[in-house]
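Hello,

Here is the structure I promised to pass on. Please open it first, then read my notes below.

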Amino acid sequence: GDAVVTTGGLGPTPDDLTREAISRVAGETPEVDPDVEAWLRSLWARRGLPYPASNQKQAWRIPSATILPNGNGTAPGWWVDLPDGRLVVALPGPPREMRPMWSAHVVPRLRERGVGRERVVRTLRLIGIGESQLADELGDLLRGTDPVVATYARADAVDVRITAGSDASVGDETGRSAAEAAADRAEAVVMARVGDHVWGRGDDTWPVVVGAALERLGRRLALVEIGTGGRLAALLADTPGLLESRSLAPQARAALELEPAGAGPGGLDRLVEDVALETGAEWVLGLAALPRGQDTDVRVLLAADGALRTEQQVAPVSGATAAGRATLIAIAHLHRALADALR
């Protein structure tokens with residue numbers, strides 16, 4: 001039979017009408033599920049807040065529905081087996097709630113029914129390479145149809161997504177399905193061509209990846225940035241092992257005696273040294289993004305276990321765009337240093 005999956009509209013407000021719509025299609029009247037209500041009331045009790053009457057609709061259930069638990073929010077999902085054999089799955093809209101529920105509670109049920117065609121999705125996260133250059137490097141891979149390889153520019157990375165779909169019953173001698181084997185082959189080619197730029201996979205974030213690398217090295221990190229509005233600190237804010245971050249205005253150029261573009265880092269090394277002494281961090285990353293007409297002078301200095309690594313680029317942009325570009329240059333520099341240290 002047919003299956004429909006919906007996302008969103010499971011909140012407590014009057015315009016959240018997914019439950020009402022499904023109930024009308026099923027010809028059933030929703031009633032409060034006592035177990036769900038008890039769970040919801042416990043959430044508010046733990047916060048020391050009164051239970052809002054408007055929230056009661058999130059405890060609704062119709063006879064044809066099975067509750068799908070939500071481990072990251074207050075809106076349970078519904079798995080609805082309609083009397084005529086059709087299926088409706090209702091999930092909350094926020095990705096941090098919907099995605100885990102889909103993986104943990106919906107996909108296994110669908111597989112038990114033999115529904116669907118297996119699809120394997122791999123995401124590789126890259127830094128230090130632009131999307132156009134990445135497209136040139138991947139070339140023929142981007143023209144394939146199974147698997148499909150595509151690039152996506154993100155604020156903190158360029159992603160390569162590999163999507164392979166095949167009959168899950170067809171595999172190879174290792175026990176992998178055909179889709180897994182196809183995704184593996186495509187991933188191997190991507191890694192061979194641009195693997196040095198890969199810093200993460202799937203939903204990896206910079207705090208998770210940098211924090212794990214620092215833990216393996218037994219090191220702590222501090223940050224200091226000039227003229228970026230704290231973007232580097234924001235990108236790494238939740239990093240385990242991050243001791244301190246400082247952000248200075250572009251006017252600090254004069255105070256630090258930073259020389260014109262083309263010269264060395266000037267006073268940035270002194271600032272990094274001061275932060276290292278004050279915080280005790282074994283690694284200190286310094287970044288300066290300084291206006292130079294319509295361009296921006298980007299300088300990076302990393303003090304890692306007493307050794308200095310520097311980088312200087314002129315970014316042909318200005319303002320907020322330049323601050324973002326400078327932040328990515330600095331994080332790419334840090335990524336290369338961490339990768340070298342872990343080899």
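Start with Glu 187. This residue sits in helix 5 (residues 178-194). Helices here are DSSP runs of H or I with at least four residues, strands are E runs of at least two, and both are numbered from the N terminus. Is Glu 187 buried or exposed? Glu 187 counts as buried, because its relative accessibility is 13%. Buried means under 20% relative accessible area, exposed means over 50%, and partly exposed lies in between, with a 1.4 Å probe and protein chains only. Setting aside residues up to four places away in sequence, Glu 187 touches Arg 122, Leu 124, Ile 162 and Arg 201. A contact means heavy atoms within 4.5 Å.

Some ground rules. This is a predicted model, where local features need pLDDT of at least 70, side-chain atom pairs count only at pLDDT 80 or more, and totals for chains, interfaces and linings use all residues. Residues are numbered from 1 along each chain as its sequence is written, and side-chain values use heavy atoms, with hydrogens and water left out.

Confidence next. pLDDT is the predictor's confidence in each residue, from 0 to 100. The chain averages 90, and 92% of the residues score at least 70. Residues 260-265 stay under 50. For that stretch the model has 16 contacts beyond four places in sequence.

Now the whole chain. It holds ten helices and 15 strands. Its radius of gyration is 26 Å, whereas a compact globule of 343 residues would have one near 20 Å. That radius is taken over C-alpha atoms, and the globule rule is 2.2 Å times the number of residues to the power 0.38. The C-alpha atoms fill a box of roughly 75 × 55 × 40 Å along the principal axes. Of the 343 residues, 44% count as buried. Take the contacts between residues at least 6 apart in sequence: 58% of them join residues at least 24 apart. The chain exposes about 17300 Å², and carbon and sulfur atoms supply 51% of that. Accessible areas come from the Shrake-Rupley method with a 1.4 Å probe, and for residues only the protein chains shown count as cover.

Two strands pair if DSSP finds at least two bridges between them.

Follow the pairs across. Strand 1 and strand 6 are parallel over five bridges, and Val 5 stands opposite Val 89 in strand 6. Strand 5 and strand 6 are antiparallel, joined by four bridges. There, Val 80 stands opposite Val 88 in strand 6. The hairpin of these two strands has five residues between them, and Gly 85 takes a positive phi near 95° in it. Strand 4 and strand 5 (residues 77-81) pair antiparallel over four bridges. Ala 65 has Val 80 in strand 5 as its bridge partner.

How many residues of strand 6 are buried? Five of its five. In a regular strand the side chains alternate between the two faces of the sheet. In strand 6, Leu 87, Val 89 and Leu 91 are buried on one side, and Val 88 and Ala 90 on the other.

Strand 13 (residues 283-292) and strand 14 (residues 295-304) run antiparallel, joined by ten bridges. Trp 283 stands opposite Ala 304 in strand 14.

Last, Thr 239. This residue lies in the loop between helix 7 (231-235) and strand 12. Thr 239 counts as buried, at 5% relative accessibility. Beyond neighbours within four places in sequence, Thr 239 is in contact with Pro 207, Val 210, Gly 211 and Leu 214.

Best wishes
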